[in-house]
Amino acid sequence: MIITLRYFASLRDAAGCADERMASEAPTPRALYAQAVARHGFTLPLERLRVAVNGDFADADTPLRDGDEVAFLPPVSGG
Amino acid sequence: MFALSESTIDTPRLGRGLESPRTGAVVIFEGRVRDHHQGRVVVGLAYEAYAELALAEGSRITAEARERFDIEQVACVHRVGQLAIGEVAVWVGVTAAHRDAAFAACRYVIDEVKARVPIWKHERYADGNAQWQHP
């Protein structure tokens, strides 16, 4: 299936792009993040991130479907 | 109401939007860009947002403030993009009949926004370095 990944802040810098489409059979965002770590060398562990699927917060073990958009959100620092 | 702004936050206009004969108390919080962070000299910063989710989560927070506190109006605007020292990074305005609810709701909104809304600060320092803040 094809998944769109979106990256922000330090993850965007590390990936060198704000988003990418990836063919992946990862069943969950947790598995997808492991693939992204292997690809981009992210150093933030998943435990420090929040996950969003299709524009809303989601559990890291949510089942993924073809066409989903997944974002891995580093600890926030607004305000 | 929660909004993101790519340009200077028009605080006088936002303040005028809070005028109402039912209001006895107005509490406004401005978060501004300061020139130092943990001993380093900050020369400027940028905010990046996951805009769709930031708007959704920010709107949830202002709705929660309405449910939890006896207030009339609540609004929050957060800057994105490049900011200079002294600029307003975030603005929260709350009106209520009485001050206790207005203070409490304003505090609630800024604390929750800082903790939950997907916005990230990138600081630039006088020594030429720059760093994302991921507390």
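## B:Thr62 in helix α2

B:Thr62 sits in helix α2 of chain B, where helices (H or I, at least four residues) and strands (E, at least two) are DSSP runs numbered from the N terminus. At 3% relative accessibility, B:Thr62 counts as buried; here buried means under 20% relative accessible area, exposed means over 50%, and partly exposed lies in between (1.4 Å probe, protein chains only). Please keep in mind that this is a predicted model, in which local features need pLDDT of at least 70 and side-chain atom pairs count only at pLDDT 80 or more, while totals for chains, interfaces and linings use all residues. Residues are numbered from 1 along each chain as its sequence is written, chains are lettered from A and ligands numbered from 1 in the order in which they are written, and side-chain values use heavy atoms, with hydrogens and water left out.

Which residues surround B:Thr62? Leaving aside neighbours within four places in sequence, B:Thr62 is in contact (heavy atoms within 4.5 Å) with B:Met1, B:Val74 and B:Cys76. The side chain of B:Thr62 also reaches the backbone nitrogen of B:Met1 at 3.5 Å. As for B:Gly17, it is 45 residues from B:Thr62 in sequence and 16 Å away in space, C-alpha to C-alpha.

## B:Ser5 in strand β1

B:Ser5 belongs to strand β1 (residues 2-5) of chain B. This serine is buried, with a relative accessible area of 12%. A polar atom of the B:Ser5 side chain lies 2.6 Å from the backbone oxygen of B:Ser7. Beyond the neighbours within four places in sequence, B:Ser5 is in contact with B:Val77, B:His78, B:Arg79 and B:Val80.

## Cysteines

How many disulfides are there over all chains? The count is 0, a disulfide being a pair of cysteine sulfur atoms within 2.5 Å. B:Cys76, one of the contacts of B:Thr62, is in no disulfide, and the nearest cysteine sulfur, that of B:Cys106, is 8.8 Å away. B:Cys76 is buried, at a relative accessible area of 0%, whereas A:Cys17 is partly exposed at 22%.

## Salt bridges within the chains

Over all chains the structure holds 17 salt bridges, each a side-chain nitrogen of Lys or Arg within 4 Å of a carboxyl oxygen of Asp or Glu. One of them joins the side chains of A:Arg39 and A:Glu20 (3.3 Å, N to O). A:Arg39 lies in helix α2 (residues 29-40) of chain A and A:Glu20 in strand β2 (residues 19-23) of chain A, so the pair ties together parts that are 19 residues apart in sequence. A:Arg39 is partly exposed, with a relative accessible area of 47%, while A:Glu20 is buried at 12%.

In chain B, B:Arg60 and B:Glu57 form a salt bridge whose closest N and O atoms are 2.7 Å apart. Both residues lie in helix α2 of chain B, 3 residues apart, about one turn of the helix. B:Arg60 is partly exposed at 31% relative accessibility, and B:Glu57 is buried at 4%. Helix α3 of chain B holds both B:Glu112 and B:Arg116, 4 residues apart, about one turn of the helix, and their side chains meet in a salt bridge (2.9 Å, N to O). Salt bridges that share partners join A:Asp56, B:Glu57, B:Arg60, B:Glu64, B:Glu112 and B:Arg116 into one network.

## Where chain B meets chain A

The contact takes 22 residues from chain B and 23 residues from chain A. About 1900 Å² is buried between the two chains, with carbon and sulfur atoms giving 53% of it; buried area is the accessible area (1.4 Å probe) that two parts lose on being put together, summed over both. B:Tyr50, B:Trp120 and B:His134 supply 32% of the area that chain B buries against chain A, more than any other three residues.

Between the chains there are 3 salt bridges, and A:Arg12 forms a salt bridge with B:Glu48, the closest N and O atoms being 2.4 Å apart. On the side of chain B that touches chain A, the elements giving two or more residues are β4 (40-49), α2 (51-68), α3 (99-116) and β8 (119-125) of chain B. The largest share, 4 residues, comes from α2(B), the helix that also holds B:Thr62.

Terms used:
Polar contact = N/O pair within 3.5 Å; in protein donor to acceptor, adjacent residues only side chain to side chain.
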